[in-house]
Amino acid sequence: MWAYWLSVPSHWREIPARYRLEGGICRSCGHTMLPKEDICPVCGSRDIAVKQLPRRGTVVNYSVIWNAPRGYEYYTPYIIALVRLEDGTMVLSQLTDVTPSEVAEGMEVEMVLRKVRVSGESGIIAYAYKFRPLMRGD
Amino acid sequence: MVFVIGASVLKVGDHWEKSLRNLAAEASIAAIRDAGEVDVDYLIVANSLSGVINGQENLGSYIASHLGLIGVPAVKVEAANASGAAAAMLAGSLIRSGEARRILVVGVEKMTDYTSLEDSNTALSTLIDSEYEAFHGATLDSMHALVMRDYMRKYRISREDFSYFPIIMHENAVDTPHAQYRFKVDLNAYITSPLIAEPLSMMDVPGISDGAAALVLSSKDEGPNGNAKIVSSGQATDRISLYNRTSLVEMPSIRMALKRALSRVDDFKPDFYSIEEYSSVSGYIAVEELGLVGRGEAYKLFRDGEARRDGSTPVNPEGGSKARGDPIGATSVYQLAEAYFQLTGRAQGWQVSGARRALVLSIGGLGSNSIVHLMEGA
């Protein structure tokens, strides 16, 4: 069941996106995306620039996972959500610092860097973005 | 023209005592026997998860070796749950082009060699985007859950309204000898079923299973047990990631695949529909995309019994993925084999009476790869 193991290079190359929400913007139609694609999924342009995406957004849809894959059992139950960032970019992420009963569509959230999983022979710890409820007064 | 001249289906379930190749061989031998012990000049293996679960790739050679088909060209075809439909589509092209005359298509999936749900979920999560969905802990089930929540919100239907789907599927499977779950379920069973990815429960999705099914396709109208024709086929893909889609409650790949399949025939009125549905909600979206009902109204087709085997619009007369079982890469070979048995009047106990034409829809992933086959009794 090799799919469980996380390879170091595969995580390393995604670090700009996973640590900093570095995505892409299409110079032709303005569509923003995470990750930065080679071809714009909206207009097909190949002219895509790196863009720092906003760290705040809104939960538009979510699910509470009770049956986890290997490597995620520790978090169960955990919440995955579709989050619309302030500039409209859609991302799929775990929510953190919130219980399933507190989650609601429309909830304002902000990005934080968190441990996602520990895996592989070397015990690599993979960090990445998660979203937590926006602190009031921020 | 492409004819199905023989087929076989093994019972879907836990086959602890059999390996991937044992299952593939058993189904293949039975299908070749059904077709009259013919020679085949091409082998296509439909499978989705052998590299992940069984640590075996190169399945073309692997299965050909085990069947004694040394020298026969062979490949594995993979398109998630639609692998078998993709295999049959390619087989059809090879036959029409003259590259092959008779092709054995065998679908096989051996999922129970790992026994924990964590491992099954890991394997199934390879069918969604690995780097930006599965990495974050998303599973195939949870992707269907997001679609289900959106569907409930858009069409203002309740969780209970999804129960009609598994209820009908299980009802149909009671009479299907090769089905995995041959028992009825009711609303109470649905409501009390454990949530696995809220709002989706265990009753919304298939179990984990092993299975194998096989078809013998031929350029000629031959075969001792009758045959059926694959009249036309169509395939289309969609973005694999949900976050990249404009609507969660539509599967445009189904519409496109259907349009392509219908563009090659004059007028095609199916007597029944076979739909590969991984969840209740994708079953609902599928019948809507096929145009059987309006958006958000699929539940009525099942609630009012029209989708029953003896109803006005039979859907999955054998029980579908939910109750017949869903050995992922093999599932759509089951669909085509079942349609063949229906169209040759050999679906004893689960026969749709007078079935002459079938529409077989296979959905890979979460609508990311859809294939429609139109079949007719020869």
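Biologist: Which residues of helix α3 (residues 59-67) of chain B are buried?

Modeller: In this predicted model, B:Leu59, B:Gly60, B:Ile63 and B:Ala64 are the buried residues of α3(B). Buried means under 20% relative accessible area, exposed over 50% and partly exposed in between, with a 1.4 Å probe and protein chains only. Helices (H or I, at least four residues) and strands (E, at least two) are DSSP runs numbered from the N terminus.

Biologist: What makes the buried residues of α3(B) line one face of the helix?

Modeller: Down the axis of α3(B), they fall within an arc of 125 degrees, so one face of the helix is lined by them. The arc is taken over the directions from the helix axis to the C-beta atoms. Their cover includes α1 (20-34), β2 (42-46), α2 (50-54), β3 (74-77) and β4 (102-110) of chain B; contact means heavy atoms within 4.5 Å. Just after α3(B), B:Gly68 has a positive phi of about 75 degrees.

Biologist: Why is β4(B) described as largely enclosed by the rest of the structure?

Modeller: Because 9 of the 9 residues of β4(B) are buried, the strand is largely enclosed. Both faces are covered, with B:Arg102, B:Leu104, B:Val106, B:Val108 and B:Lys110 buried on one side and B:Ile103, B:Val105, B:Gly107 and B:Glu109 on the other.

Biologist: How do you know that β2(B) and β4(B) pair?

Modeller: Two strands pair if DSSP finds at least two bridges between them. β2(B) and β4(B) share 5 bridges in the parallel sense, and B:Leu43 stands opposite B:Leu104. β4(B) also pairs with strand β7 (residues 210-218) of chain B, in the antiparallel sense over 9 bridges, where B:Glu109 stands opposite B:Gly211.

Biologist: Which conventions apply to numbering and values?

Modeller: Residues are numbered from 1 along each chain as its sequence is written, while chains are lettered from A and ligands numbered from 1 in the order in which they are written. Local features need pLDDT of at least 70, side-chain atom pairs count only at pLDDT 80 or more, and totals for chains, interfaces and linings use all residues; side-chain values use heavy atoms, leaving out hydrogens and water.
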